[in-house]
Amino acid sequence: MRRNIINVYFSLILLLFTVATSASRPPFACDPKDSATKNLAFCRTDFGTADRVKDLIGRLTLQEKVRLLVNNAAAVPRLGIMGYEWWSEALHGVSNVGPGTRFGGQFPGATSFPQVITTAASFNESLWEEIGKVVSDEGRAMYNGGAAGLTYWSPNVNILRDPRWGRGQETPGEDPVVAGKYAARYVRGLQGSDGDRLKVAACCKHYTAYDLDNWNGVDRFHFNAQVSKQDLKDTFNIPFKSCVKDGNVASVMCSYNQVNGIPTCADPKLLKGTIRGNWRLDGYIVSDCDSVGVLFDNQHYTRTPEEAAAIAIKAGLDLDCGPFLAVHTENAVQRGLLNESDIDGALSNTVRVQMRLGMFDGEPSAQPYGKLGPEDVCTSSHQELALEAARQGIVLLKNDGNALPLSPQRHSSIAVIGPNSDVTATMIGNYAGVPCGYTTPLQGIGKYASTIHRVGCANVSCANDALFNEAVDAARQADATVLVMGLDQSIEAEFLDREGLLLPGRQQELVSKVASASIGPTVLVVMSGGPVDVSFAQNDDKIGAIIWVGYPGQAGGAAIADVLFGTHNPGGKLPMTWYPQDYLNNLPMTTMDMRSDSSRNYPGRTYRFYKGPVVYPFGHGLSYTRFVHTVVDAPAVFTVPLHPNGTAPSSNMKLVRTSHAQCKKLFLGVSVDVENAGPRGGSHTLLVYSAPPSDGGRHWAPQKQLVAFEKVSLPAGGRQRVAVKIHVCRQMSVVDESGIRRVPMGEHSIYIGDARHVVSLEAR
C-alpha cells in the first residue's frame, strides 16, 4: 500500500512538472495541431531548407519583412510565427545581459565559468570546447523552459591590442592564433556537431579593429580606427576568419567604430566582400546594438535615416540590434534607395539560421535537445568544470624560495587581506549571468586553514589608509599572509577604459606595508582582466609569490585556495603581455599601428612587435615542478612547393606569396620530448614560436610569433613525446605592407621553451 502511495505521489509530481513546463514554454511555429499552418511548405521538415526559407519569405508582406529585421522580431500571427528575441549572451555562461534571457522560477541561475581572459590562460583547446558544450546545454534547457533564446551573441574574439581596454577581459588575449583557436573551439562547443543542425547559434564579435570604448574623450561611437591593410590581415581579422572558416559560426557582429572612415556595419568590402564572400559565412551578420542608428546619429555618415538603412543592408547587414531598420527600411524602399529583394536576401540568412535551430520544425520537445530542462542546469558536473577551468586559468607569476605552496600544517592561520578577498560578483566579470553559487577567496582558504580577515581597503579604489593598521596587525598574527588585490568593473568595463596600469588608489602602499609586517610568507593575488604593473611586488623580497587569477568565475575562491595550498599545481600562462606603466608614455589608445616606429618613438604592441622591457612577458607562467623540452625530430630543410603555373623559383627568391604555393596540406612536423623533471605532477603548455629570417620581411615582420601550442599532463619524472604540426603558409608566413601574405625563404628559428631548432625553407 505504501509503495502504491509513493508511486502515485511521484506520478503527480511528474504531471505537475509536465504541466508547468508546458505552461512556461512559449507557443511555437508550425504547431502540428494548427490546421491552418501545419501543411505550409516552410513547416514541412521533408522539404529542403532553401525551399522552406524561400517559401516563408515569399508569404510575407513588406511591412512584415521589415519588422523581422530587428532583434525583437515581430510575430506574424496569420502564419503562426511567434515573435522572437534574437539578443541573448553566453560569453562564459548563460548571461542575463540582453532581453532574450530571464533568470527566476525553474532557472534561478546558470553555471558561471571564468571570464574568457582567464580561460584563455589555460591554453587548453579541449577545455574551451567543453565549456561551450555545457553553456549550450544550459541555454537549450532554458529555451525549452521559455527562459532564453537560441541565438547567443558570443564569443568576443577581438585582439587585446592595448592593455587599458576595459573589455580586454572578454577576449582570449593579444595573440591572433590563440584568439582564432579559442573562437573556433568555443563556437563548436556551443553549436554542436550534428551536421547542419544547430544546438544554439553562436556569434563572433566585434568585427573589426574594435578595442577602444571610452578613452581620453574618444568613445567607440565616434572612433575612426585608421588601420593598415597589413595589420587588418595579420592581426585584427585572423580570429574572425578562424571563427567562420574553422568554427563554422552562424553569425558575425559588426562593430560601432569606423575603419578607415567607413562604419564597419556599412562597409560592403568588410561584410559582403570578406565575411560572406571570401570566408563563405553560412549565417547572418548582425549589428552591435544601435550601430545603424550610431552611424546616422553620431557619425553623421548619411544625410537621412533611410540612406543609413539602405547602405547597411546593401553592405551585407542582415539584422539590426535596435529599432532603426524596423522604423526606416520601408521608407527606404519607397524612396527607391533599396529593393525589396535586398531585404529578402537579409531575411534568407536569418531565417535559414532559425531553420537550422529547428524553430520551424514543430513541437520543440520532439526535436534534438528538446528534453533538456531545469535538471540540466547547474549540475554537479557543470560546476566541477567551472572549478577546473578556474584552476587551469590561474598563472603563477613569481615564487621565490618556493614560498608556495602553503602547508596546512605549517601555515594553520592565514591573514586574508584585500578589497577582493571576499568578493562574489567581482569574480564573474562582465557579461555574466546569475551563478549557481559562489565560493569567495576567503571561503576557499578557510577550508584549508583558520583565517584572520581584514579588507584593508573599503573597495578597489582604495582612496585612503583608514583600514591599513588592522590589516597590518593581522599579518603580524598569522602564519602566512594572502593579499587579494586588483581591479573590478568600476575600474575596467564596457565603456570604461583604464587610465593606467598600476594598482588603483593606495593598494600598492597597503601591499608593501602588510608584506613588511608579515611574519610568514606573503602572497599577492591579483584579480583583474587586464595586465597590472606589479613591478614593486616583483622586486620586493618580502613578497614571496604573485599569482594572477583573472576573474575566475563562481568557483574562483576554491580554485585560488587549491593553488595556494598545492592541491592543484598551476599550469596557466599569460595570454597577454604585462607592461610597465611607462610603456604608456607615448602610446595613445587611438593609434592602431601594431608595429614599432623608432622615428616617432612609438613602441609597438604585443609581444610580436614590442621589444622593450616588460613586467611579465606573454606566455609567462611558473609551476611547482620543472619541465624540460628536447627536440627529437624536425627537418633541417623543408620544401615549399610552388604551383606549376606560378612563378619559377630562383636563388634570390626571399618571399613567396602564399597564393603561389601549394599550401593546403603543407605542415612542418616537429617532435618534442617533454619531461617533468620536478617533484610534483602537473600540466604544462608547450608554446611553439617561430622567428623568420632576419632578411625575410625586413622591418615589418614580427620578431617572433606563436605557431602552435599543446597541453600535456605529466606525473613527476614522467616523459611524453609531443607531435607538433605547423601549417607553414598560415603560421610561418608574414604579411607585407600591401596586405599580401608571404612565406619567407631561408632559416627560421623554432623556439619551444629552452629548446631551439633551425629549419631552412626552400621554394621548389
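Asn-216 sits in the loop between β4 (214–215) and β5 (218–219). Helices (H or I, at least four residues) and strands (E, at least two) are DSSP runs, numbered from the N terminus. Phi of Asn-216 is near 50°, a positive value in a residue other than glycine. With 64% relative accessibility, Asn-216 counts as exposed. Here exposed means over 50% relative accessible area, buried under 20%, and partly exposed in between (1.4 Å probe, protein chains only).

This is a predicted model, in which local features need pLDDT of at least 70 and side-chain atom pairs count only at pLDDT 80 or more, while totals for chains, interfaces and linings use all residues. Residues are numbered from 1 along each chain as its sequence is written, and side-chain values use heavy atoms, with hydrogens and water left out.

**Backbone geometry**

Most residues other than glycine have a negative phi, and most peptide bonds are trans. Cys-378 has a phi near 60°, a positive value in a non-glycine residue. Its place is the loop between α13 and α14 (380–393). The peptide bond from Ser-154 to Pro-155 is cis, with omega near 10°. Pro-155 belongs to the loop between α5 and α6. A cis bond also runs from Lys-205 to His-206, with omega near 0°. Strand β3 (residues 204–207) holds His-206.

Asp-175 is found in the loop between α5 and α6 (176–191). Asp-175 is buried, at a relative accessible area of 1%. Its C-alpha atom and that of Arg-161 are separated by 9.0 Å. Along the chain, Asp-175 and Arg-161 are 14 residues apart.

**Disulfides**

The whole structure contains seven disulfides, each a pair of cysteine sulfur atoms within 2.5 Å. The table gives the S-S torsions of three of them.

| Pair | Angle about the S-S bond | Hand |
|---|---|---|
| Cys-30 and Cys-43 | -75° | left-handed |
| Cys-254 and Cys-265 | 110° | right-handed |
| Cys-663 and Cys-729 | -75° | left-handed |

The sulfur atoms of Cys-663 and Cys-729 are 2.0 Å apart. Cys-663 lies in the loop between β19 (655–657) and β20 (667–676) and Cys-729 in helix α21 (residues 728–731), so the pair ties together parts that are 66 residues apart in sequence. Both Cys-663 and Cys-729 are buried. Cys-203, by contrast, is in no disulfide. The nearest cysteine sulfur, that of Cys-204, is 6.9 Å away. Cys-203 is buried, at 0% relative accessibility.

Cys-30 is joined to Cys-43 with an S to S distance of 2.0 Å. Both cysteines lie in the loop between α1 (2–24) and α2 (49–58), so the link ties together parts 13 residues apart in sequence. Cys-30 and Cys-43 are both buried.

Cys-254 and Cys-265 have sulfur atoms 2.0 Å apart. Cys-254 is in strand β7 (residues 251–254), and Cys-265 in the loop between β9 (262–263) and α9 (269–278), eleven residues apart. Cys-254 is buried, with a relative accessible area of 0%. Cys-265 is buried as well, at 1%.

**Strands β7 and β10**

β7 and β10 run parallel and are joined by four bridges; two strands pair if DSSP finds at least two bridges between them. Met-253 has Val-286 in β10 as its bridge partner. In a regular strand the side chains alternate between the two faces of the sheet. From β10 (residues 284–287), Tyr-284 and Val-286 point one way and Ile-285 and Ser-287 the other way. All four are buried.

**Nonpolar cores**

A nonpolar core is a set of buried Ala, Val, Leu, Ile, Met, Phe, Trp, Tyr and Cys residues joined through side-chain atoms within 4.5 Å. The largest has 205 residues. Phe-42, Trp-153, Leu-524, Val-534, Trp-548 and Trp-578 touch the most other members. Helix α5 (residues 125–144) gives the most to this core, with eight residues. A second, separate core of 32 residues includes Leu-686, Val-722, Ile-726 and Leu-761.

**Second largest pocket**

The second largest pocket has a volume of about 540 Å³. A pocket is an open set of points on a 1 Å grid over the protein atoms alone, where a 1.4 Å probe fits, with protein on both sides within 12 Å along at least five of seven lines; lining residues have an atom within 4 Å of a point. Grid points are joined across faces, edges and corners, and the volume is the space filled by probe spheres set on the points. Of the 31 lining residues, Met-82, Gly-83, Tyr-84, Tyr-143 and Met-359 are the closest to the centre of the second largest pocket. β2 (84–85) and α13 (340–356) each supply at least two residues of its lining. The largest share, four residues, comes from α13. The lining divides into 19 nonpolar, nine polar and three charged residues. Ala, Val, Leu, Ile, Met, Phe, Trp, Tyr, Cys and Pro count as nonpolar, Asp, Glu, Lys and Arg as charged, and the others, Gly among them, as polar.
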